Amino acid sequence: MTPVETPLRRLLGSVDMARAYTLAALTTAFGSFLIVHLTSRTTFATIVLLLSILGMAILVVRRAELSALRFAPSSLLIFLALALISVFWSTDRSGTLAGWAWMLGFALMAITIGHVRDTLQTVRAIGDTLRTLLALSLGVEILSGILIDMPILFLSVEGNIALGGPVQGVFGTRNMMGFVAVIALITFVIEWRTRSVAAPLAIPSIAVAAFLALLSASPTVLVLAAAVGTATGALTIVRHTPARRRGLVQWLLGGLVTAALAVAFFFRHQIIAWMDAGSDFSTRADLWNTILDFVAINPFQGWGWFGVWARGEYPFTYINYLLADRHETALNAYFDVLLQLGIAGLLLFLVLGGVALVRSWLVASVRRSVVYAWTPLVLVTLAVDSMFESFTIAGAGWLLLVLCALRAGQSRSWREDIDAAQTGTISTLPPQE
């Protein structure tokens, strides 16, 4: 039976609603720090709740366009289920439910975006969002550091732009500023290469993102830039390799990456000294060693999911007590998942990101359009940044991970074969040459 067409259904199913929703969700995710500190956490939670409900309504209206098998990656659904089940062994059930609700809300927003926008439209929306927020960040830093020459305390802006940094913009910390700037650089370059944005807009956007990445003075920016640059070079080589040799080249590049990681680990102390990140790494090493002591107590199931560490809750308060610090995360997404969901959760988290990276990399290797390179490059950024920060388990980082995993599954998945068998059609990738 065909649903009755009403003005509300037409609105929810319209292209204009899809674009407006995408921009609103992305602005909420990337502008979370600004929203919370201009209003309140309650206001931010209300916005996320309303966007989640609106996203579900949009998906219900568009349900005829969706496939149940391809609605979301199975690894994502299992990870969400494990996080919810952890309420039974959590030290604070209400805190776990709250942390899970935050994660579910951003996942719903990402799933909605993934189903109502294609890859190029998603890249354009992220580009528009980050262009605005980076321009606002630059303006706030100029206001604080040059025009009024004093910190803007409620935004944690120190006003160091005239001193060459570090700058935080409207993102709260220099590391978040650097992370967003790198994501923006990838997005702006893809926009430019696909000619979806004219050069007079693309080039200044790239320049501002690179300038703020440099001024963030974040040690992780150098690592992210090196990782993304290496991945870009490798992907370019693969894309220009004849199809018959592409598999061999993929394996050779994989071997080189493995060797490079081994060399980097062997010379890690020299690299840390060169990056002048000794104090940052020492802080992280002490934190991770302490976390491992608590992981050993509940190695398989963890202490229960909270996401960002709940204030006043064990074991987080005791970890901070032992370190005489006030950490709000493990400063490493993998350690955070291991602490909260144990070995089972970490394996699921690695599968979620790893399978998405492999799928998106293979798709980008054979598709002609450079827009398909956006997903694997963003996933590389998330994977590397997760070694130094926990951005990937909450907010914008989590939204990007879910969005990229969904996008990768839509482009290359075993579900395509099942859908093809059910509909009697053949679903394949375009010709490789």
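1. Of the 433 residues in this protein, 51% count as buried, where buried means under 20% relative accessible area with a 1.4 Å probe, protein chains only. Please keep in mind that this is a predicted model, in which local features need pLDDT of at least 70, side-chain atom pairs count only at pLDDT 80 or more, and totals for chains, interfaces and linings use all residues. Residues are numbered from 1 along each chain as its sequence is written, and side-chain values use heavy atoms, leaving out hydrogens and water.

2. Next, the helices. The protein has 18 helices and zero strands; these are DSSP runs numbered from the N terminus, helices being H or I with at least four residues and strands E with at least two.

3. Which residues does leucine 134 contact, leaving aside its neighbours within four places in sequence? Its partners include Phe171, Met177, Phe188 and Leu212, with contact meaning heavy atoms within 4.5 Å.

4. Finally, a helix pair to find on screen. Helix α10 (residues 219-239) packs against helix α15 (residues 333-366) at an angle of about 50°, their axes 8 Å apart; axes are lines fitted to C-alpha atoms over the stretch in contact, and angles run from 0 to 180 degrees between N-to-C directions. Ala231 and Leu235 are among the α10 residues that meet Trp361, Ala364 and Ser365 in α15.

How values were computed: Buried < 20%, exposed > 50% of the residue type's maximum accessible area, 1.4 Å probe, protein only.
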